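Subject: Structure for you to look at

Hello,

Here is the structure I said I would pass on. Please open it and keep it beside you while you read the notes below.

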Amino acid sequence: MKSAENIKKVIKNLDLEIDTNTQKDRIILSELLEAQEKSKKTNSAFAPPNIRRQIMKSPLTKIAIAAVVTIACVIGLSLWRMTGSGIALADVLARVEQVKAYSFKRTLHFWSEKVTGEDPNKPYIRGTFLISQEYGWKGKIERLDPNGGESTFNESCILPQKNTTIAISHKEKKYTRTQQDDGWIERVQKANIDITDPHTFLEQMLKTKYESLGRSTIDGIAVEGFRTTDPNSLLGTSSSNSGPSKRLDQKLWVDVKTRLPVRCDATWVDFDQMENKKKYDRHVLYDFQWDVPVAAADFEPGIPEGYASWVVKYPAHITEENAVQGLKVLVELLGKYPENIYHIVPENINDKTPIVLRLAEKSETPAALRLQEEIKGLADDEINNKLVDFLMPIRGLGRFYRWLQFDKKDPAYYGKTVTPKDADKVLMRWKVSDNEYRIIFGDLHAETVTADALAELEKLLPE
Amino acid sequence: MLEDKVLIWKFKSGSSDALCRIYEKYKKDLLRLAAVLSNNASDAEDIVHDVFVSFAQSAETLKLSGNLKSFLLTCVANRARNKNRANQCRQTAGPDEAQAVVSQSKTPEQWMIWSEELRRWSSTMAQLPYEQRETVILHLRAGMKFRQIAQLQGVSVNTIKGRYRYGLTKLRSILNGEMEK
């Protein structure tokens, strides 16, 4: 006989395996993407989105801010301003720069006012990070299930010497090895994305206002505290990026002896007008170990045996030639240029099927038919790994364009209206000097022209 | 959760990558819930398909600050309930309705591939009245609180607790009956 308790347990723990038909998945995804595109067009016909409001309502902003806040506690009025005790935050930054390798732990907490069952002290993400000037970056992240279910563990490594990133998903028993291009690390560091690096945040936060909290003790260490509540400082930009409903409370404690951070604790409070309640994001960095001895092997990922691999390769050097090669492959495959090159091979390696393959399934060019035959019956992982080299020039094209955007080279792409026969129409262009632009034309020949000449050429493009 | 917040932000900014990722991440959870609620492969596929299409079109209007998974599961539950009502209007359910489940054969057009265990449990759960089935599944499998289910079904928390209790009792008697066979 099964008791009610037993039945509850049985239902909760049932392993209700389910799978989906890959072909059908692709068809449905195509439909969804079409629906999304149509909706974008329809909506944009009525009213432009309020970007500022979108940004300030966006969870990503909150996350970014929480991340920045974490170290924001660190900061001072000016580079050489001293606190009452004599600790200058610029000095803290200088000392962090001298450290060859360090580790720390990090927790993220989200909770809301008026919601029972959410524990502010219970993190939903916790991680351990190891950073070395010489060998790179490694993080182990545990994502906790708020409902008490199983945690998921992920590991990531960035190996600058090999231009390689590795991400392991233990839940899926998979790992992704990405061969990045040689400009990737530099740009990612500059953009302050992807890499959890207290140094970068410290550098930014030095521009903000702060006050001294005086002396205290944390885990037996004598520390001096710093606090800032200036929300404008977080994004390091204008005050327009901060909404009146948002408040910050950022604290940093520095070891008075070593002048290195001991703990950063920041809470970002946002009032959600839709739900009429306050929401809190808390970000804590602690347990810093400075100047830890490390070896290259510490940054090698420990990939358990039997894990499936997912390989992604970018060309070693991202150049105009790569971009042209990528465009050539796309034309052969699709019979035309894609409307958008930025999304065609997503940067997000978790996206199982690049959009280019979904488009190729609908194409009837000889190259597409060959490709369809080649990947017939294969699972997503198998398709991806089989097409690593084939996809590389297309990935290179996407990244070429991304770097042009990143470097503010004023790029534009007109694949929606320009065809391979349009030898005199601008397919893609970007700035090469104050008054000059490089152009790739529809037939893929390239020229450098003046800004005025470009303006004339762009007048010829259909609306 | 952090990834979801990023995904929602990206999705609202028009990212197709984010939509693909959300689809890949949650399609199975949604199909599983729809399958157990509807006990019909074709209905389950329709429900989840419709939920995703509506979601894909909602980037501009979506105001979601909570849990993405809960939101999608709630959408599935709402559509499954509507579908169930529509089906009830169309036909008078016979005593064997619960057994007349899913086509065993896999066709090329079929999206969802059921496991034996899922098939068996869907049939078992289908023997419960719909509201009880929904309550038990949303609470035990989707991790929703009674308060949330009450809001969803538009009834009081006490009613939900009653439905949950009756559902479990009935399930217990069905399962114990099966064991005695």
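Is A:K408 buried or exposed? A:K408 is exposed, because 8 other C-beta atoms lie within 10 Å, and the cut-off for an exposed residue is 12 or fewer. Please keep in mind that this is a predicted model.

A:K408 sits in the loop that runs between α13 (388-406) and β14 (412-413) of chain A. Its phi is positive, about 55 degrees, although A:K408 is not a glycine.

A:D219 also has a positive phi, near 50 degrees, and is a residue other than glycine. You will find A:D219 in the loop between β8 (211-218) and β9 (221-228) of chain A. A:D219 is exposed, because it has 9 other C-beta atoms within 10 Å.

The largest nonpolar core is made of 55 residues. Those with the most contacts inside this core are B:L30, B:L33, B:A34, B:V48, B:V76 and B:I137. Helix α2 (residues 16-38) of chain B contributes the most to this core, with 13 residues. Domain 1 (1-89) and domain 2 (116-181) of chain B each supply at least three residues to this core.

To see one residue of this core in place, pick B:L33. Setting aside neighbours within four places in sequence, B:L33 is in contact with B:L73, B:V76, B:I137, B:R141 and B:A142.

Regards

Note on methods: Residues are numbered from 1 along each chain as its sequence is written. Chains are lettered from A and ligands numbered from 1 in the order in which they are written. This is a predicted model: local features need pLDDT of at least 70, side-chain atom pairs count only at pLDDT 80 or more; totals for chains, interfaces and linings use all residues. A nonpolar core is a set of buried Ala, Val, Leu, Ile, Met, Phe, Trp, Tyr and Cys residues joined through C-beta atoms within 7 Å. A residue is buried if 20 or more other C-beta atoms lie within 10 Å of its own, exposed if 12 or fewer, and partly exposed in between; C-beta atoms are placed from the backbone. Helices (H or I, at least four residues) and strands (E, at least two) are DSSP runs, numbered from the N terminus. Domain bounds come from an automatic or database domain assignment. Two residues are in contact if their C-beta atoms, placed from the backbone, lie within 7 Å.
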